[in-house]
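Please look first at the sequence and the structure shown here, and keep both at hand while you read.

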Amino acid sequence: MKYIVVSGGVISGAGKGIVASSAGLLLQSKGFVVSTIKIDPYINIDSGTMSPLHHGEIFVTDDGGEISLDLGNFERYLSTTLQHGHNITTGKIYLDIISRERAGDYLGKTVQVVPHVTNAIQNCIERVAKIPVDESQAEPDVCIIELGGTVGDIESSPFIYALAQLRKRVGKENLVQIHVAYVPVVPPGASGEQKTKPTQRSISDVRSAGLSPLLVACRCEVPLDPGTIQKIANMCSMEPEQVISVHDGPTTYHLPLLLEKQNLLSILCEYLQLPLGQTPTQRIEQGRRTWSDWVHLVQSQDTITDTVSIALVGKYTSNKDAYLSVSKSIEHAAMYCHKKVKIVWIDSAHLEQETYQNSAVKYHKAWHDLCSAKGIVVPGGFGTRATGGMIKAITWARVNKKPFLGVCLGMQLTVVEYARHVMGISDAGSQELHPESKNHVIIHMPERNQENGRDTMRLGKHPCIFKEGTEWSKLRSLYGPTISQIEERHRNQYEVNPEIVEELEKAGLAVVGKDATGKRIEIVEIRDHPFFVGVQFHPEYLSRVLRPSKVFLGFFAAAAKCLEKIPMALQQGRRSLAEEDEEAMGNF
């Protein structure tokens, strides 16, 4: 097993996750099976109870793990399938150690950070690194470990020590480190000077902690000057080729191409002694196709001028990472449709009536943005706050024939809105949001209970079966005429009240998909509408750069007015609608 550790310095959020994912894609392009581990030094067991306003979204795996959003990037780039174990937290490590100590596994010894905690970290890494992540079920060749936070954080110390010990355990030829550091420009602007001192100090801190980076990936707004590269190399005792420029590009999807031009793959393979061309032929061919598709898709975006605006109406829009998978899914769909996308972030609270807390400027701007958008998404969330604005957005989309997609909470509010404004049930509500209501169209899941002091949720991948007689469905048509069942990831505590379903359908809100029991509602759709769909599951968790979610693809295509082309393009296996344009030009 080979390991690549990606650490960060100077500031957090400099792009460790994208660098790690891009390195993984380059390795995959040569036929290597690549896995990843994200280390989060916080004491929480997982991210399931963390506020999206502070931490960003909670990413959900097939097995129901609630994990770091950075692992979502890895799945999206490499089309792999990770498990909850691929996210290691301080809480998980200490929970395991304390449980073993209480059981007497340490035979009366004093349990200490070194060696017990650090050994537990190493053992966990080695165990998780071997878990298969693709359909071949082959053991990974390389595991990329992303260390959260920045080197120097007090809570990261045990993990840094453990990684230094892991390098000794597995051999220095089997573990390399990429350190991501921010290079500021002072004063800010194109004419400013690129300052290397923060990077120098960061490398010094890493080395004093016992690690030795092979490469330093310099995050910057503009390409590094040759003089800056030489200065960092000199001051950090590196060769210039070990200093990688990670500068801004048209999109983050261009980064793998940028790293490939700087020979990142060759350097990693040489140091790790990875035998190029000696992996199974089928994997090499698949890697080549994947890389070719990636390059084609990314480069085809460079000449696009047609932009489609999508309104994302949510309650956590002050932190855009709270909807990271949703925004990325929209981008994937836009790339497939050969369009650019402008996501307009609308705080749903601003759509509610003007009050002393909601100024006239915010109120009118929010409504202007909503009315100007070509499509509207209402994503998931919890709690009563700002749901009134979401319902108003749903009404606008329904009445004005705007393409609309409601996800999880968005789907539940779609049912509430329809019951109130079409079926005439004025007090229709949700048991979560409107406990005082007498007509709950959204109810607690029957099997919901309390576990470890908190409510359990329906998590992970579950089947959705298309209902007979729904071949007319715009969403279903995207899956092809022979597909009767799909599988999607869930994260919810509430569901549509089955007692209201018959009345909903009579009123025109059709049930298109149900769960395996035939009782739980998964998909609702309005027939006489350009695209009006609500889904209980979270399709954003399974969207991939090279394989966009069909739910988001259908929604975006409707907004871009090219939905009629998508079913045929999917059946023909087209990488994007750009291929259609290229073939037309070739024929001309």
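Predicted model: local features only at pLDDT ≥ 70, side-chain atom pairs only at ≥ 80, totals over all residues.

On the scale of the whole protein chain, the domain assignment gives domain 1, covering 2–297, and domain 2, covering 304–580. When the centres of domain 1 and domain 2 are taken over C-alpha atoms, they are separated by 33 Å. Where these two domains are in contact, domain 1 contributes 30 residues and domain 2 contributes 30 residues.

We can now turn to pairs of helices. Two packed helices are described by the angle between their axes together with the distance between those axes. Take helix 14, made of residues 387–399, and helix 15, made of residues 409–421, which pack at an angle of about 70° with their axes 9 Å apart. Angles from 65 to 115 degrees count as roughly perpendicular, and helix 14 and helix 15 are therefore roughly perpendicular to each other. The crossing in which helix 14 passes helix 15 is right-handed. On the side of helix 14, the residues that meet the partner are T387, M390, I391, I394, T395 and R398, while helix 15 brings L409, G410, L413, T414, V416, E417, Y418, R420 and H421. Sorted by class, the residues of this contact between helix 14 and helix 15 are 7 nonpolar, 5 polar and 3 charged.

Helix 14 also packs with helix 13, which spans residues 360–372, and here the angle is about 35° and the axes are 11 Å apart. Helix 13, too, passes helix 14 in a crossing that is right-handed. Which residues of helix 13 and helix 14 meet? From helix 13 they are W367, L370 and C371, and from helix 14 they are K392, A393 and W396. By class, this contact of helix 13 with helix 14 holds 5 nonpolar residues, no polar ones and 1 charged residue.

A386 is found in the loop between strand 14 (375–378) and helix 14, and A386 has a positive phi of about 70° although it is not a glycine. Is A386 buried or exposed? Residues under 20% relative accessible area count as buried, so A386, at 6% relative accessibility, is buried.

Peptide bonds are the next topic. The bond from V114 to P115 is cis, with omega near 15°, and P115 is found in helix 5, residues 113–129. The bond from V186 to P187 is likewise cis, with omega near -10°, and P187 lies in the loop between strand 8 (185–186) and strand 9 (193–194).

With a relative accessible area of 17%, Q28 is buried, because the cut-off for buried is under 20%. If its neighbours within four places in sequence are left aside, Q28 is in contact with V34, L78, T80, G287 and T290.

Definitions and conventions: Residues numbered from 1 in each chain as written. Heavy atoms only, no water. Axes fitted to C-alpha atoms, helices over the stretch in contact; angles between N-to-C directions. Helix = DSSP H or I, 4+ residues; strand = E, 2+ residues; numbered from the N terminus. Parallel < 35°, antiparallel > 145°, perpendicular 65-115°, else oblique. Left-handed = near helix turned anticlockwise from the far one by under 90°. Contact = heavy atoms within 4.5 Å. Nonpolar A, V, L, I, M, F, W, Y, C, P; charged D, E, K, R; others polar. Buried < 20%, exposed > 50% of the residue type's maximum accessible area, 1.4 Å probe, protein only. Domains from an automatic or database assignment.
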